[in-house]
Amino acid sequence: MEEKVLSFEEVSKHNTTGDCWVVIHGKVIFFSLFLLKYSWRNMSFVFLGSKLLDFTRIRYGPCPWEQGWRRVYDVTRFLDEHPGGDEVLLNASSGMDATVEFEDVSHTDYARELMKDFLIGKIDENTLPNMQKKFTRHDASLSNDSSSHLLLYTAPLFVLAFAFLLRYYNYNNNNNY
Ligand code: HEM
């Protein structure tokens with residue numbers, strides 16, 4: 001079935017106890033957690049690199065290829081049952097991307113499965129205000145300058161280069177013994 005596309009402005013209006021919608025990025029892959037799960041020899045170095053990448057993504061926003069994955073969840077009937085309380089959901093519903101707040105709590109796989117019951121559509125990225133194009137903390141303290149964009153685009157390359165260098169270094173070391 002075709003996914004419903006909702007404007008950010010429309011979603012922001014649903015912010016009461018009787019009608020509460022939240023926006024969360026649908027497919028945030030935290031590279032460091034992913035690598036920790038599947039790590040093996042030498043991967044600890046790559047893990048550190050990926051940590052840097054995660055930091056960059058939280059600070060400066062999703063990677064370019066991840067745009068368009070913000071999902072809208074109608075959590076009205078879940079307010080009373082949410083183990084984290086209704087207040088956090090109500091706060092998150094008032095015109096923000098709640099991805100960082102959601103990921104900060106390290107929600108379990110169970111919570112992520114549960115989310116599917118509340119999914120009602122996805123955000124039309126063209127309707128996002130500039131600040132909300134990033135994963136933002138609600139204090140709006142993030143800078144929007146061009147250097148942050150540069151970092152966003154180059155961080156993955158740095159991480160890859162770092163990982164390859166370490167592999168090369170380890171390979172040479174092992175061959176010298
Ligand atoms: C559809 C959206 C959400 C679902 C289905 C959901 C579900 C859950 C579940 C099942 C738990 C229990 C722990 C776990 O199993 O992970 C939990 C805890 C929690 N959630 Fe959510 N949650 C949602 C959105 C959010 C958002 C947007 C925030 C923050 C803005 C948030 C903040 C919290 C907090 C603070 C806890 C308590 C953690 C603790 O006590 O250790 N949740 N949530």
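Modeller: Here is the core, with some background on the whole chain. This is a predicted model, where local features need pLDDT of at least 70, side-chain atom pairs count only at pLDDT 80 or more, and totals for chains, interfaces and linings use all residues. Residues are numbered from 1 along each chain as its sequence is written.

The protein has seven helices and five strands; helices (H or I, at least four residues) and strands (E, at least two) are DSSP runs, numbered from the N terminus. Along the sequence they follow the pattern β-α-β-β-α-α-β-α-α-α-β-α.

Next, burial. Of the 177 residues, 22% count as buried. Buried here means that 20 or more other C-beta atoms, placed from the backbone, lie within 10 Å of the residue's own.

Now the core itself. The largest nonpolar core has 17 residues. Such a core is a set of buried Ala, Val, Leu, Ile, Met, Phe, Trp, Tyr and Cys residues joined through C-beta atoms within 7 Å. Val-11, Val-22, Val-23, Val-72 and Ala-98 have the most contacts inside this core. At least two core residues come from each of α1 (8-12), β3 (19-25), β4 (70-74) and α4. The largest share, five residues, belongs to β3.

Zoom in on Val-11. Setting aside neighbours within four places in sequence, Val-11 is in contact with Leu-6, Trp-21, Val-23, Val-72 and Ile-123. Contact means C-beta atoms, placed from the backbone, within 7 Å.

Among contacts with a separation of 6 or more, 81% join residues 24 or more positions apart.

Conventions
Buried ≥ 20, exposed ≤ 12 C-beta atoms within 10 Å, placed from the backbone. Contact = placed C-beta atoms within 7 Å.
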